[in-house]
Amino acid sequence: MFFAAFIFSFWVYLVMMRIFMGASLGEWSCQLRLGQPVQRMKISYIFKVIGRTTIILLTGVVFLPLLSLIGPLQMTVLPL
């Protein structure tokens, strides 16, 4: 339950910061911005931010760590 609440609050933080400020705190400190100023004024920008944030959290915070726990090998040491 705590993990779900943590992920949800992190998702809300990222979405709100990216919608209103154009970047999260980490992106802002590295001088990265999401979209151009003209794009940020459109309604579609909000949906793009929500989709991008959801995909990032699902893959990078939920799916890939679970995959690494289930799988016998680290993904970085797979032979090519």
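**Entry 1: the salt bridge**

A salt bridge is a side-chain nitrogen of Lys or Arg within 4 Å of a carboxyl oxygen of Asp or Glu. I wrote that down before anything else, and I also noted that I'm working on a predicted model.

How many salt bridges does a search of the whole structure find? My search turned up 1. The side chains that meet in it belong to Arg18 and Glu27, at 2.6 Å from N to O. That counts because the cut-off is 4 Å.

Next I asked myself: are Arg18 and Glu27 buried or exposed? Both of them are buried.

I then looked up where Glu27 sits, and it lies in helix H2, residues 25-29. Skipping residues up to four places away in sequence, I found Glu27 touching Arg18, Leu32 and Arg52.

**Entry 2: aromatic rings**

I got a count of 4 aromatic pairs. One of them is Phe2 with Phe6, a stacked pair with 6.4 Å from centre to centre and 25° between the planes. Why are these two about one helical turn from each other? They are 4 residues apart in helix H1, which covers residues 2-20. I checked their cover too: Phe2 is exposed at 67% relative accessible area, while Phe6 is partly exposed at 45%.

Then I looked at Phe10 and Tyr13. Their ring centres are 6.3 Å apart and their planes are at 25°, so this pair is stacked. Both residues lie in H1, 3 residues apart, which is again about one turn of the helix. Phe10 counts as partly exposed, with 31% relative accessibility, and Tyr13 is partly exposed too, with 32%.

Putting the rings together, I see that ring pairs link Phe2, Phe6, Phe10 and Tyr13 into a cluster.

**Entry 3: the nonpolar patch**

Which residues form a nonpolar patch on the surface? I listed Phe2, Phe6, Phe10, Tyr13, Leu25 and Trp28, with about 690 Å² of accessible area together. The ring cluster of Phe2, Phe6, Phe10 and Tyr13 turns up again here.

H1 and H2 each supply at least two residues of the patch. The largest share comes from H1, with 4 residues. On the H2 side I looked up Trp28, which is found in that helix. Trp28 has a relative accessible area of 54%, and over 50% means exposed, so that is its label.

After the surface I went looking for what is tucked away. In soluble globular proteins, nonpolar side chains tend to be buried together.

Which residues make up the largest nonpolar core here? There are 5 in all: Val15, Ile19, Leu34, Tyr45 and Val49. The elements that give two or more residues to this core are H1 and helix H4, residues 43-70.

Leaving aside neighbours within four places in sequence, Val49 is in contact with Val15, Arg18, Ile19 and Leu34.

Definitions and conventions:
Residues numbered from 1 in each chain as written. Predicted model: local features only at pLDDT ≥ 70, side-chain atom pairs only at ≥ 80, totals over all residues. Heavy atoms only, no water. Buried < 20%, exposed > 50% of the residue type's maximum accessible area, 1.4 Å probe, protein only. Phe/Tyr/Trp six-rings, centres within 6.5 Å; stacked < 30°, edge-to-face > 60°. Contact = heavy atoms within 4.5 Å. Core = buried A, V, L, I, M, F, W, Y, C linked by side-chain atoms within 4.5 Å. Patch = residues over 30% accessible without salt bridge, like charges linked within 9 Å, V, L, I, M, F, W, Y side chains within 5 Å. Areas by Shrake-Rupley, 256 points an atom, 1.4 Å probe, with all protein chains shown as cover.
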